[in-house]
Amino acid sequence: MSLPPEKASELKQLIHQQLSKMDVHGRIREILAETIREELAPDQQQLSTEDLIKALRRRGIVDDVMKELNFVPDNVDQELPSSPKQPVCFTDRQSTLLKKSDGTRMADSTTMLSISDPVHMVLIKTDIFAETTLVASYFLEWRSVLGSENGVTNLTVELMGVGTESKVSVGILNIKLEMYPPLNQTLSQEVVNTQLALERQKTAEKERLFLVYAKQWWREYLQIRPSHNSRLVKIFAQDENGINRPVCSYVKPLRAGRLLDTPRQAARFVNVLGYERAPVIGGGGKQEQWCTLLAFLCRNKGDCEDHANLLCSLLLGYGLEAFVCVGTKAKGVPHAWVMTCGTDGTITFWESLTGHRYIHKPTNPDEPPAAEQPKPLYPYKTVGCVFNHQMFLGNCQPSDSVESCVFDLNDESKWKPMSEEAIKSVCAPGATTSLPPFPPLCASTIDASVTSNEIEMQLRLLVSEHRKDLGLTTVWEDQLSYLLSPALAAYEFERTTSISAGNEEFQDAIRRAVPDGHTFKGFPIHFVYRNARRAFATCLRSPFCEEIICCRGDQVRLAVRVRVFTYPESACAVWIMFACKYRSVL
């Protein structure tokens, strides 16, 4: 019996969804690893298809799959066979055991040789307080395994430091690479080496041509107005390894899958990633270092440029016309933020460090001084250039002040563009000079409820000890603590959506919980880390919070509530609210 093509496609999709739901591929990998470890003889080079099928049958995988794949008659009383002739989705006659998600065979060695993306490895150090430090970032050229005997090779690489220590060795890493499933045909090492040499030569030529073009573009930009030399027009930026890369290569459209639902939620996610300036040894100015996306996400913290690049990439993924702006804020401090251009011409600034959004309305310098001009709410003072993954434009207006700047990027009298073809040659996906594809965001591994309880218990202990040192007793009221939850949820909702959730119910509940003649005080505070002791020390530096924690009076009852809101990459927003109620005594 044969099925129409559209029915066959639908059936394949249903089977694939069911197998994904059952995590069949993960179970196959586990059984494969166990079988190789326990049953493969030392003199055997590979596991046969028959041996793997036997192992799967012994562990009941095949039976489980067949039980789940129940076929029912269709509308014309035709019944599909309940037992396919060949095992579904995980084996075929050529021993291609693990297939791509679309059901195609594994690429051959020649095709894989053309994949120039390296494997990006990042080494992170985490201390006892869960603080992370970027130790090394390494791009591994993996294709030497294509020319190795039996598809196995061993490599030794030297890992170098980052930033100011990019020339200092941090250690040696021994790597074993193995192709699985084994290639039907291996390449000679000479072919692999020749391909890599040609790519290096091609990359060097592209980089040279782009550098020549960038220098010419810069000379033309300075000829427009000599004062342009003082504007922040950044064409190249150093990554964590000290390598100069075009700034456009740090931004690519990034889709968050089902982890982030809206652009504003994406902005909140970027906002809760920690802010940390690149460390500098000795005095002087700010250390110049932009991080690649993987290094930034592994650290869970970075500088303003790292936040802006990630937010711009996410907004591009949502289909918005987004750009990173490079300029200054108050007191001439260099800064980077994100700008989106609406189809109606609306210009919106997104501050990646806070999640705040600002609508830009330029002032008209030709109007008389008496005319009322809109007062900007944003903190930005000047803008030198804007860029994304396809475009780079230098601000060539008479003034680089953000207040008077017109963001009509199509007007070449106001914005000098770089050639999109030149940018594409070094920054487009697949270009040998560009960074590897951005990694997909990972779902949070933090259990919000458990973590909230743990931090809350630790804070209760810290408060009790602190009050004991002051000679004060501590009485906790669980019901009052619970009543604080709606307020914390409302604060996070407002941060995410910029919409006030309203707190009428919270206020009414507190009025009912506080008897007549008693006073209630509450203090909310927000953190992006989960260290209770560090958070408590910060709270004590606030006079309002210290007043609550050290409250004295008659019938004093204390409350604390912690609410952890999780985001991708194990980022989180931690809201803490301390409260007390006591009887007022005149």
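Predicted model: local features only at pLDDT ≥ 70, side-chain atom pairs only at ≥ 80, totals over all residues.
View 1. Cys298 takes part in no disulfide, and the nearest cysteine sulfur, that of Cys442, lies 8.7 Å away. Cys298 is partly exposed, its relative accessible area being 32%. For Cys551, the closest cysteine sulfur belongs to Cys580 at 3.9 Å, which is too far for a bond, because a disulfide requires the two sulfur atoms to be within 2.5 Å. Cys551 has a relative accessibility of 6% and therefore counts as buried, the cut-off being under 20%.

**View 2. The open sheet of seven strands.** The strand order is β12-β11-β10-β9-β13-β14-β15, and the pairing is antiparallel. At the edges are β12 (357–360) and β15 (415–417), each of which pairs on one side only. From one strand to the next, the twist averages 35 degrees.

**View 3. The β13 and β14 pair, with helix α6.** Three bridges join strand β13 (residues 380–387) to strand β14 (residues 392–395) in the antiparallel sense. Phe387 has Phe392 of β14 as its bridge partner. Helix α6 (residues 189–224) packs on the sheet and touches β13, β14 and β15. The direction of α6 makes about 160 degrees with that of β15.

**View 4. Helix α13 and what covers it.** Helix α13 (residues 485–497) has 13 residues. At 1.5 Å a residue, these should span 18 Å, and the end C-alpha atoms are 18 Å apart, so the two values agree. Buried residues in α13 are Ala487, Leu488, Ala490, Glu492, Thr496 and Thr497. Their cover includes the helices α7 (263–272) and α14 (504–513), together with the strands β17 (554–567) and β18 (571–583). Ser498 follows α13 and has a positive phi, near 65 degrees.

**View 5. Glu456 in helix α11.** Glu456 belongs to helix α11, which covers residues 448–469. With a relative accessibility of 5%, Glu456 counts as buried. Apart from neighbours within four places in sequence, the residues in contact with Glu456 are Val560, Arg561 and Val562.

Notes
Residues numbered from 1 in each chain as written. Heavy atoms only, no water. Helix = DSSP H or I, 4+ residues; strand = E, 2+ residues; numbered from the N terminus. Buried < 20%, exposed > 50% of the residue type's maximum accessible area, 1.4 Å probe, protein only. Contact = heavy atoms within 4.5 Å. Expected span 1.5 Å × (residues − 1). Pairing = 2+ DSSP bridges. Axes fitted to C-alpha atoms, helices over the stretch in contact; angles between N-to-C directions.
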